[in-house]
Amino acid sequence: MADTFKVMDPATGELVQEVKYDSEEDINRALERGHKAFKKWSQVDAHERSRLLKKWSQKIQENKQDIAKVMTRENGKPLHESLGEVDYATDYIDWYAEEAKRIYGRTIPANTESKRIIITRQPVGLVAAITPWNFPAAMMTRKAAPALAAGCTFVVKPAVETPLTTIRFIELAHEAGIPEDVVQCVNQRGSVAGEIFTGSKFVRKITFTGSTPVGKSLIKDSADTIKHVTMELGGHAPLIVAKDADIDFAVQQTIASKFRNAGQTCVCANRIIVQEDIVDTFSKKLAEEVAKLKVGNGLEEGTNIGPIINKKGYDKIVKQIKDAIDKGAEALVGNKYEADEDKGCYFVYPTVLKNVDDSMMIMHEETFGPVAPIIGFQNIKEAVAIANNTPFGLAAYFFTNDYRTGTYLTENLDYGIIGWNDGGPSAAHAPFGGMKESGLGREGGLEGIEPYLETKYLSIGNL
Ligand code: SIN
């Protein structure tokens, strides 16, 4: 295997940077260092850990413009989205810098006068993280910030497509004063790093954002040493529009959800389920707005939709569109592609498909691309049945101004994140995560620090 790998700009096919692969020995050494650093870091008081996290966040913000450019070059997303992601990433650090000071224990009344019962929380130990290419900054800080706040040490392996943002973030953590062995980055292919992480006696917790099949194998491989796991896996989000919804608002929010990062988002709407009474109006308005989105290099002013990350992603999207059209769907806009195989650049124009039905691949597989397939429904029960007909359960959205419909949908959709008249519910202060095959555990909010903490129960007797 080569010693290095190339980070390519998916919009131009240019080399951004060559990065050294860390060998198995390098990674094991990093894990051992992280393990050894744990004791000391866990004893640093919470207020000092909080101060260091805040300093890290500040350093990232000071370098925001440069980081965002690097992110756009390695990932392809429009520059304004990269800038937004830097803020989203520091939101996690800021939030957990505060939560570090609120890791509370409790006392429990004992059943005899001679005893006292005290519950304390302590960090789980060394955490190994594998992060995805679609949000190279925020998915990393969403794990690193609560881990460090809790007193854990942290080793991250970023995606080989987008390691540069993470490498820079880790450098800035060290510049902020977080010790080098406390937060480290290693570069390797996911399968190799996953095997080393899960097999290591030093790692106490694995946290992963990525596909469901990889998540399943990490869970299985973590079983031998009973590691803690947090898994943010695939999604297939339904977005329901009821006949009483504000249609213009629903169109605007559908675009915000569906076309963020060119649809390469686990939580993006993947099935647009619209009540028959308004399906024509909604589809027409959506297609009109989608036609205005500009496709191109994310560094160019005005770009809304950047390139698809690689050929594998592109082929999957094209296959799903073709399959839907072959089976009777109609493309109201899009169904247009640009692929330069020599350069490795792939663009899919934002596409709205109408007359979609359950026989189509797109209704059952995550697309990870800028395609909005619209399917009609008669009544709310039917909408719920369509929405829940998937092994995934990450995010669901619905648009209605009727509180009965909204309450029914909230209570019956089997999803971890629900947006009611909201196409963008993700936030550092709220719990992000899925049900069913979309994952285990939550990241963000009060819940997001829990997976990095153990509970210790102390019973004092003979008083
Ligand atoms: C993801 O797609 O994995 C995360 C997106 C988000 O945090 O909103």
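I note that the model is predicted.

Next I listed the residues around the ligand. They are Tyr 88, Asn 134, Phe 135, Met 139, Arg 142, Arg 260, Thr 265, Cys 266, Val 267, Ser 426 and Phe 432. I sorted this shell by class and got six nonpolar, three polar and two charged residues.

Which side chains have an N or O atom at 2.5 Å, 3.0 Å or 3.3 Å from an oxygen atom of the ligand? I found Ser 426 at 2.5 Å, Arg 142 at 3.0 Å and Asn 134 at 3.3 Å. I then looked up the cover: on its own the ligand has 260 Å² of accessible area, and the protein covers 100% of it.

I turned to the aromatic rings. The structure holds seven aromatic pairs, and I looked up one of them, Phe 5 with Tyr 21.

Last, I placed both residues along the chain. Phe 5 is in strand E1 (residues 4-8), while Tyr 21 is in the loop between strand E2 (15-20) and helix H1 (24-43). The pair therefore ties together parts that are 16 residues apart in sequence.

Methods
Residues are numbered from 1 along each chain as its sequence is written. This is a predicted model: local features need pLDDT of at least 70, side-chain atom pairs count only at pLDDT 80 or more; totals for chains, interfaces and linings use all residues. Side-chain values use heavy atoms; hydrogens and water are left out. A residue is near a molecule or strand if one of its heavy atoms lies within 4 Å of it. A polar contact is a pair of N or O atoms within 3.5 Å; within protein, one must be able to donate a hydrogen and the other to accept it, and residues adjacent in sequence count only if both atoms are side-chain atoms. Accessible areas come from the Shrake-Rupley method with a 1.4 Å probe; for residues, only the protein chains shown count as cover. Ala, Val, Leu, Ile, Met, Phe, Trp, Tyr, Cys and Pro count as nonpolar, Asp, Glu, Lys and Arg as charged, and the others, Gly among them, as polar. Rings of Phe, Tyr and Trp (its six-membered ring) pair if their centres lie within 6.5 Å; planes under 30 degrees apart count as stacked, over 60 as edge-to-face and the rest as tilted. Helices (H or I, at least four residues) and strands (E, at least two) are DSSP runs, numbered from the N terminus.
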